[in-house]
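Visitor: Hi! Could you walk me through this structure in plain words?
Guide: Happy to, let's take a look together.
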Amino acid sequence: MKKKIWLPTIIMFLLGIVFLMPILLLVMNAFKTHNDMIQNFLSFPHYLYFGNFTEAIERMKLWMVVGNSALVTVGTMLLCTVTSFMGAYGISHIEGKFGNIMYLLFTLGQIVPFHSIMIALSVQLTNMKLLNNLLVLVCLYAGFHGAFGVFTYVGFLKSIPKELEEAAAIDGCGVFRCMWQVIFPLVRSTSVTLLVLFFLWTWNDFLMPNLYISDGAKRTLTVAIYMFKSASGSEWNLMLAGLTISIIPIVIIYIAAQKYITSGLTAGAVKM
Amino acid sequence: MIQKKDAVGNREVRERRDMSILYKKNRKFYLMLILPALAVYALALLVPMFGGTIPYSFLKWNLMTGKKAFIGLDNYIKLFSDTGFWKSFLFNLEVGVFTIVGSNILGFVLAYFLNENIKAKGVIRAMFFIPNIVSAVLVSFIWVFIFTCAMPAIGAAIGWEGLANVSWFGTPGMATITIIVVSVWQNVGFLMIIYTAGLQTIPKDVMESAQLDGCSGLKKVLKIELPLLMPTVTINLFVSISGAFKMFDIPNAMTAGGPYGSTMPVAMNIYQEAFTKYNLGYGSAKSVVLFLTVAAVTLIQLYVTRKKEVEY
């Protein structure tokens, strides 16, 4: 019986290693010198070489671009979660047609590919002189991810019994307090999931900052690493160092919120 | 007795009316709550779509010449005979179909085996999920390196000449395969997680009674689990189909559309029309076509797979 558990485990584990190989190779090679990497791409590093990191940090202005990425990402996470929750709360309380129309409006937003509005957005931001502005980027992400946020929150809010709010109202709890102190804590797991998803979608995004941020001082991490590639095609080692750094927060967040990612994605999926 | 019942009934009606009044009284508040979400949504999506993409698509507008003129449906008419665009469209469909089918099958198989009795499920699931949460643009670079440097090395090491001499990015066929491989690799994790969740919602007794009736193995999967999983299939197809039409990052980082524009998805075609040729009007017409295609295909898919969902 024991054998039956371990054999599939080992097979799946090995498959997992193969699957994860590109990322393992990436991290391994970030700790090699350039020549070592070209010659022994597949082997473990003989010793940990940090030169790539120090050079990448200096050349990429790493702390600055990480700061920009962090600002945009954290800003989006907070703004989008708050606006989505409030919007969903409002929609789920408005009776009649208007509520349904608003719900449909946000739901349909999920099927709009960013690429079908990137030209228009580019023209409009130029006209409004809103290019090269990280806070505008935050608002755009909040709007774009908000379609999913509102949709997900409405699904969860529907399952909360109305009696709860009515009881709170009878006890003299104002509507605003009721929303934040009674209902918001109840959808905590949804909020964590959305925060994680907003983090991933924003931190990893390339096209939007690439199009709407041209000022070098406001560059985000993804774009900075990409620039590295086009500016100096042969300096793979520095790029790998940058990539490794960009993966660190993702892995930390994933480990911290693994439970919520799975349960949240699931619940969202089932609701749909 | 009758009177008493009436009294209770009246109280309920009254309470319900009170509650309704509570919601009516606060209607303004609820409407206000929608405003911030609507404002950012309008800025990011509604205004660009209805105030930009759609009206621009009726203009002849080149940013270099600066000319801007209303030409009605001419952009769309031109689009019909634009072989470059249709080539992109077909390439997009080709990669899309292989990626959707491949990643859904692989995702389901992984979810199925990881749902069986094995150890360290969390760790192993994470190994398959992590590629999905790392930036597609950035991991594409490492894949380029793997295809161009590591594959020949592996080929030489195991003495397999074929693998050592493949020019991965030299021919359209090979370049397409590399893009499919990386797309599947990136998408599998997400789909696997959703399938896992779906499998866990199937009640144990349904599976047990199937087993008792002598239904097992592949037959059990196809006849019992898959039909019960239709809601999950619906969402996964939705996610992967809309994802396929948004394909941009992976081809952009891996092949940049080459060789000879053979690996250029629709989104990249639009990007080039607008940001290298500066044809904003024509690019917008392409954008409208992209949007309508995604909308039509996903809505049809939702309708079709929804109909196949069964109750248990």
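Guide: One term before we start: contact means heavy atoms within 4.5 Å. This is a predicted model, where local features need pLDDT of at least 70, side-chain atom pairs count only at pLDDT 80 or more, and totals for chains, interfaces and linings use all residues. Residues are numbered from 1 along each chain as its sequence is written, chains are lettered from A and ligands numbered from 1 in the order in which they are written, and side-chain values use heavy atoms, with hydrogens and water left out.

Visitor: Thanks! How many residues of domain 1 of chain B are in contact with domain 2 of chain B?
Guide: Four residues of domain 1 of chain B are in contact with six residues of domain 2 of chain B. The domains, whose bounds come from an automatic or database domain assignment, are 2-56 for domain 1 and 74-307 for domain 2 in chain B. Their centres, taken over C-alpha atoms, are separated by 39 Å.

Visitor: And what area do these two bury between them?
Guide: About 370 Å², with 74% of it on carbon and sulfur atoms. Buried area is the accessible area (1.4 Å probe) that two parts lose on being put together, summed over both. On the domain 1 side of chain B, B:Met49, B:Thr53 and B:Tyr56 lose the most area to domain 2, together 87% of what that side buries.

Visitor: What about the domains of chain A?
Guide: Chain A is divided into domain 1 (1-49) and domain 2 (50-271). Their C-alpha centres lie 31 Å apart. Here eleven residues of domain 1 of chain A are in contact with twelve of domain 2, and the area buried between the two is about 1,000 Å².

Visitor: Which secondary structure does chain A have?
Guide: Chain A has 13 helices and zero strands. Helices (H or I, at least four residues) and strands (E, at least two) are DSSP runs, numbered from the N terminus. Of the 272 residues of chain A, 54% count as buried. Buried means under 20% relative accessible area, exposed over 50%, and partly exposed in between (1.4 Å probe, protein chains only).

Visitor: Back to chain B. Why is helix α13 of chain B said to be largely enclosed?
Guide: Because nine of the ten residues of helix α13 (residues 266-275) of chain B are buried, the helix is largely enclosed by the rest of the structure. Among them are B:Val266, B:Met268, B:Tyr271 and B:Phe275. The buried residues of α13(B) pack against α6 (118-127) and α11 (207-212) of chain A, together with α4 (83-114), α12 (249-254) and α14 (280-307) of chain B.

Visitor: New topic: is B:Lys60 buried or exposed?
Guide: B:Lys60 is exposed, with a relative accessible area of 55%. Its place is in strand β1 (residues 59-61) of chain B. Not counting residues up to four places away in sequence, B:Lys60 touches B:Lys67, B:Lys68, B:Ala69 and B:Ile71. The C-alpha atoms of B:Lys60 and B:Leu280 are separated by 7.9 Å, although the two are 220 residues apart along the chain.

Visitor: Which residues of chain A have a positive phi without being glycine?
Guide: Among them is A:Lys61, with phi near 50°. A:Lys61 sits in the loop between α3 (51-59) and α4 (62-93) of chain A and counts as exposed at 54% relative accessibility. Another is A:Asn132, with a phi of about 55°.

Visitor: And where is A:Asn132?
Guide: A:Asn132 is in the loop between α6 and α7 (134-158) of chain A. At 22% relative accessibility, A:Asn132 counts as partly exposed.
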